Amino acid sequence: MNNLLDSFSNFSYRNKNFIFLSFLILPLLWLGIVYLGSLLIFLGHSFFHLDGFTGQIVYEFSFKTLIELFSSPANIDILIRTVALAACVTIGSAIIGFPIAYYMAKFTSPKVKIFLFIAIMLPLWSSYLVRVYSWKLILAKEGIINWFFEKLNLEWLLDTILSTPVIGGPSLSISYIGMFLVFTYIWLPFMILPIQASLERVPNSLINASHDLGANKRQTFYKIILPLALPGIIAGSIFTFSLTLGDYIIPYIIGTSKFFIGQAVYTHQGTAGNIPLAAAFSLVPIVVMVVYIYIAKRMGAFNAL
Amino acid sequence: MLFRKGSINKLNQAGLGLRFGAIAGLLFLHIPLLLIILYAFTTEDKTYQFPPPGYTLKWFEIVLNRQDIWNAVSLSMQIAIISTFLAIILGTLAAGALYKTSFFGKSSITILIILPIALPGIITGISLRSTFGVLGIPFSTWTIIIGHATFCMVVVYNNVVARLRRTSPNLIQASMDLGANNLQTFFYVILPNMGTAILAGGMLAFALSFDEVIVTTFTAGQQTTLPIWMFSELIRPRQRPITNVVAIFIMFITFIPIVFASYMASKTSGSEGSIK
């Protein structure tokens, strides 16, 4: 028995491919059949279409559904709205996240750095739903933001912001500002960590050299630090952008009655039973992200991860 | 010398604006979580009034006696444990196969492993749902588990691959040279090296599964997991104070494995240097 095991061991050590295949077969079958199979079947539906009279799916290859997606102004609105929000959230989280990342990378002792690292990881890993819920408490009419503005006698300021067209609304929890805040809050750690990693790699001697050569703090920041942090920002933007594109929970809980891509997919597959259109909608974030990641890769974002 | 010292000091001193920005950002990340805790003690049960008019512990007692919540908790626990178990097996195997090999199509397989977490959850969810529908598989706890295991795999994979890359391959060679067979090498050399990474990945997978709502929505039939219960309360708040308490509970259940995982990851990264 032992002999058999030994010779098997020798065989498998010499034949790396055998070990490799026996390891890979299980996960590959699972992902290939359960996941990839389902995914392709679902996305493939975008080339079928719904029969207008019977409401049944017609299993015939055509571009009808894709044409429907891009020809209806309501659908185009949904696409533009979602991409615009995702872009705003990305910019917002870069602006809010940069100081933390910069401080972490360049101005802390190792101990403080570990503490800050945990402080950023904790919200990232703690419950997504609970964090969205917390903003329901914050944005409510009787909640902390309104209370804060009231105490400072600044209600007029809040009212002015809310009465601004497009971004405003009847209250914070039913407005694009509210959605922007929640999205930024939820995805912020995804932005901080890559920026921090890329800043970590900027050698201090480079900053010293810049100062020695007579650049002031401002010039050093804009000419040295920011360009070197850019791959990190782009890497972070991949997360914030794609996560915002596909989310349907936040627009459902906070926000106006206007649809976003995620909600459109949800309604079309659910109550409407229009799986082809849902699949066509799902293709949009996938295609956008493939293009985005391709550009990001060319700009060196993946070296920052 | 003086000049150098001066310039380093200047470098190490964060400007006022930067400090303010960093502190503001950190507050932005953490105040919402603190508010959740505060709200669990409020006496107000109709609105989200701030500051709370009074404080009480009675909601905790009410939640303790709510059977429906306990059922949801136990269902979520079961799902998380089984999916984590599956994810550990699949993720570790994939990591073992992929970390050192290079072959045609390897990058496609790596992408395939990451895909379930990279694509929006709604796409994964609907895809699985329509497949279950076509195959006539009734929705059950097991359909939820299949969905969860698929996207939990990547967390285990990432952790184990990172550890494998930092472990010297000579260790395995040495073990075989010294006459150990496959099983012995696995149990005496590989597993002790990988153990904490697998466990850390498993912990994160558990937290991920326990908290997941999107894929669950599509792969569940009548089952109510804790996140699904929470989600329905978020859409139509009927029992605000109870939701606050459940929110704290979810926070702590996911909090413990995360802290544990990062503790294990940090504990072992030190000892690896000495192995090399």
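Leaving aside neighbours within four places in sequence, which residues is A:Ser242 in contact with? In this predicted model, A:Ser242 is in contact with A:Ser237 and A:Met289 once those neighbours are set aside. The residue lies in helix H11 of chain A, which spans residues 217-246. A:Ser242 has a relative accessible area of 14% and is therefore buried, the cut-off for that class being under 20%.

Helix H11 of chain A also packs against helix H4 of chain A (residues 73-106), the two axes coming within 8 Å and crossing at roughly 135°. H4(A) and H11(A) are therefore oblique to each other, and H4(A) passes H11(A) in a right-handed crossing. On the H4(A) side, the contact includes A:Thr82, A:Val83, A:Leu85, A:Ala86, A:Ser93, A:Phe98 and A:Tyr102. On the H11(A) side, the residues in contact include A:Phe221, A:Ile225, A:Ala229, A:Ile233, A:Ser237, A:Phe241 and A:Leu245. By class, the residues of the contact of H4(A) with H11(A) divide into 15 nonpolar, six polar and no charged.

The largest nonpolar core has 158 residues. Those with the most contacts inside this core are A:Leu199, A:Ile249 and A:Phe281. Helix H9 of chain A (residues 176-200) provides the largest share of the core, 14 residues. Not counting residues up to four places away in sequence, A:Phe281 touches A:Leu69, A:Asn75, A:Ile78 and A:Leu79, together with A:Ile261, A:Ala264, A:Val265 and A:His268. A second, separate core has seven residues, among them A:Ile238, A:Phe241, A:Leu245 and A:Ala296.

A local backbone feature of chain A occurs at A:Asn153, which has a positive phi of about 55° although it is not a glycine. A:Asn153 is placed in the loop between helix H7 (144-151) and helix H8 (155-163) of chain A. With a relative accessible area of 57%, A:Asn153 is exposed.

In chain B, helix H4 (residues 67-98) packs with helix H7 (residues 141-166), their axes coming within 5 Å and crossing at roughly 45°. H4(B) and H7(B) are therefore oblique to each other. The crossing of H4(B) past H7(B) is right-handed. In the contact of H4(B) with H7(B), 21 residues are nonpolar, six are polar and none is charged.

H4(B) also packs with helix H11 of chain B (residues 226-235), at an angle of about 130° and with the axes 7 Å apart. The angle makes H4(B) oblique to H11(B). The residues of H4(B) that meet H11(B) are B:Asp68, B:Ile69, B:Ala72, B:Val73 and B:Ser76. Their counterparts in H11(B) are B:Leu226, B:Pro227 and B:Trp229. The contact of H4(B) with H11(B) has six nonpolar residues, one polar and one charged.

Another residue of helix H4 of chain B is B:Gln78. At 43% relative accessibility, B:Gln78 counts as partly exposed. The C-alpha atoms of B:Gln78 and B:Phe210 are separated by 9.2 Å, while the two residues are 132 residues apart along the chain.

Definitions and conventions: Residues are numbered from 1 along each chain as its sequence is written. Chains are lettered from A and ligands numbered from 1 in the order in which they are written. This is a predicted model: local features need pLDDT of at least 70, side-chain atom pairs count only at pLDDT 80 or more; totals for chains, interfaces and linings use all residues. Side-chain values use heavy atoms; hydrogens and water are left out. Axes are lines fitted to C-alpha atoms, for helices over the stretch in contact, and angles run from 0 to 180 degrees between N-to-C directions. Helices (H or I, at least four residues) and strands (E, at least two) are DSSP runs, numbered from the N terminus. Angles under 35 degrees count as roughly parallel, over 145 as roughly antiparallel, 65 to 115 as roughly perpendicular and the rest as oblique. A crossing is left-handed if the near helix is turned anticlockwise from the far one by less than a right angle, and right-handed if clockwise. Ala, Val, Leu, Ile, Met, Phe, Trp, Tyr, Cys and Pro count as nonpolar, Asp, Glu, Lys and Arg as charged, and the others, Gly among them, as polar. A nonpolar core is a set of buried Ala, Val, Leu, Ile, Met, Phe, Trp, Tyr and Cys residues joined through side-chain atoms within 4.5 Å. Buried means under 20% relative accessible area, exposed over 50%, partly exposed in between (1.4 Å probe, protein chains only). Contact means heavy atoms within 4.5 Å.
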